[in-house]
Amino acid sequence: MGIVFATPAELISKALKDIGVVGFGSSATAHELEDGLQSLNLMLDEWGVLRENISVRKEESFPLVVNQSIYYIGVGASNFNTTRPIKIEDAFIRDSAGTDSSIDCSMSEDSYNSISIKNLRGTPSRLFYKPDYPFGIIKFDYAPSIAGTLYIFSWKPFAKITDPADQTQLSFPDGFEAAITYNLSKRLCPSNKKQCPREINEFAMTSLQAIQAAYGETPTILNWDMPTAVKGKGSFFDMGGGQ
């Protein structure tokens, strides 16, 4: 179950107060908020590619096209219009009769390149995912001979926060409030020429270890498990990148 969190400005101000940049009872300046926002986005960008930190996965499904073995995925992509995955961990194909066929997602680019006939029709059993930008590329070993639905389980990046003054409140899985706040405090020390207090350093480490232990092998989550915004607004921290 998630918890209602602060606005971006409140989060950054709390982190700055922990290291003595902002006095208690005071608010961060616009300049301090912008600097803090940059550090926060950088930290979450890093967390988005660390499996042991952000281990929740997004499940999505897309229709496959008969005789088509290559698909583009990303916001605005012609095939699968969604936030571009960092990595596809697992997948399967479901046919019209409801029968599922597993897909091996570990195929390397070399293995794909070694396939001599790349448009051979059949039932796909392996895929190679290339996380190009702006669109990732999914390549199957066979072009589907019948219509089906592809289900993928992938890592999704955090969406960027663009305005620290946004008043949308956020919610997170349990444990993330402490991990984000204390680790942001720690990261803000060098730019503010502060020595990180020993207790903040310890809190940052233990809170991060806590979410690593809790979410390290978390099964696929549903939308209500993901960081979302209150009152139906899109969350800055949505694992689906705001989608």
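Predicted model: local features only at pLDDT ≥ 70, side-chain atom pairs only at ≥ 80, totals over all residues.
Residues are numbered from 1 along each chain as its sequence is written, and side-chain values use heavy atoms, with hydrogens and water left out. Local features need pLDDT of at least 70 and side-chain atom pairs count only at pLDDT 80 or more, whereas totals for chains, interfaces and linings use all residues.

A disulfide is a covalent bond between the sulfur atoms of two cysteines.

Salt bridges were searched for across the whole structure, and six were found. The term stands for a side-chain nitrogen of Lys or Arg within 4 Å of a carboxyl oxygen of Asp or Glu. Among them is the pair of lysine 14 and aspartate 18, with an N to O distance of 3.0 Å. Both residues lie in helix H1 (residues 8-18), four residues apart, or about one turn of the helix. Helices (H or I, at least four residues) and strands (E, at least two) are DSSP runs, numbered from the N terminus. Lysine 14 is partly exposed, at 34% relative accessible area, while aspartate 18 is buried, at 17%.

Another salt bridge joins the side chains of glutamate 46 and arginine 187, again with an N to O distance of 3.0 Å. This pair links distant parts of the chain, as glutamate 46 is in helix H2 (residues 30-47) and arginine 187 is in helix H4 (residues 176-191), 141 residues apart. Glutamate 46 is partly exposed at 36% relative accessibility, and arginine 187 is partly exposed at 34%.

A further salt bridge is formed by lysine 130 and glutamate 109, at 3.5 Å from N to O. It too connects distant parts of the chain: lysine 130 belongs to strand E8 (residues 127-130) and glutamate 109 to helix H3 (residues 109-113), 21 residues apart. The relative accessible area is 28% for lysine 130, which is partly exposed, and 32% for glutamate 109, which is partly exposed.

How values were computed
Buried < 20%, exposed > 50% of the residue type's maximum accessible area, 1.4 Å probe, protein only.
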